[in-house]
Each structure stands twice: as structure tokens, then as C-alpha cells.
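Q: I would like to learn how to read the fold of a chain from its model. Please take me through it.

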Amino acid sequence: MISVLLATHPRYLDHDTGSGHPERPDRLHAVVRGIERAGLADALIPLEPTPAPRRAIERVHPRDFVDAIEASCATGERIDADTVVGPGSWDAARLAAGAGLVAIERLEAGEAAAGFCAVRPPGHHATPTRAMGFCLLNNVAVTAA
């Protein structure tokens, strides 16, 4: 059987997008339930993410963009029609971006053959200078960088 790291964190639930938003805590709950229903929970190696350091985020996103996203989260300012933030969103976003970084470290150390990051907010649509598609940061690019 292949060994797989599972990165997730309860603080991801602090990213509050409001009632009825498609990117909501239930998405993460559904992933965990799916893992349990498939009988895979015992086969996964838990990985606790740590927040991505600002320098890692700024390899992908310019400082002024990062400052603006952090400020929007503090005030709960809506970024666009799809991308909503609240007071817990910045910490959740840093943890989400950090999940891939920790997974790579553990994979390189030989602790598993693969990793799966179940995170919120998601992080694959954001461009270097624009949050969009529910994504505040581009977690994939931060990990790759």
C-alpha cells in the first residue's frame, strides 16, 4: 500500500465565506467524511500544516498584494463576487499555503510516497496580483516556488 500524508487543520474552518457560499466549511467536512467512509483514515499519515512564512508567499505574490489581502481579511472586505473573506481568513490562508511546504519537507524526508492537502481557502486560481475563484493565495505556486 502506498503511504500518503494528509494535511488539514481545524483553523481552515475559520475562513468564513458566509451562508450559502459554495466554498464553505462543508466542503472540507465532506472530504474528511469521504476518507472515513472509504475506510482510508487509518491508512493516511496526519500532517499538521504550519503557516507559510511571508518570504515564501512573496516569492509568488508581491508585498503590496499580500498586504492588501491581509487588510481585506482584517476588515472582512469582499474581494470580488466569488472571493469572500473574514477575520479568520488570513490565518487560514497562510496555513493553507503552508500545507504544501510542510508536505514537501516530509516527502523529501522519505516519510511517505505522496501527500494530499485538504485546505481552505483553496489556492489554485489566484494569480500573482489577483485573488479570485475563492482563492486568496496561490498555494500551488507557493509550494512550487
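Q: In what order do the three strands form the sheet, and is the pairing parallel or antiparallel?

A: Strands of a sheet pair through backbone hydrogen bonds, in a parallel or antiparallel manner. Here the sheet is open, its order is β2-β1-β3, and the pairing is parallel. β2 (44-47) and β3 (114-117) each have a single partner strand and stand at the edges, so one side of each lacks a neighbour in the sheet. Strands are DSSP runs of E with at least two residues, helices runs of H or I with at least four, numbered from the N terminus; two strands pair if DSSP finds at least two bridges between them.

This is a predicted model: local features need pLDDT of at least 70, side-chain atom pairs pLDDT 80 or more, while totals for chains, interfaces and linings use all residues. Residues are numbered from 1 along each chain as its sequence is written, and side-chain values use heavy atoms, without hydrogens and water.

Q: Over how many bridges do β1 and β3 pair?

A: Strand β1 (residues 4-7) is joined to β3 by four bridges in the parallel sense. L6 has F116 as its bridge partner in β3.

Q: Which strands does helix α4 touch?

A: Contact means heavy atoms within 4.5 Å. Helix α4 (residues 89-108) packs on the sheet and touches β1, β2 and β3.

Terms used
Axes fitted to C-alpha atoms, helices over the stretch in contact; angles between N-to-C directions.
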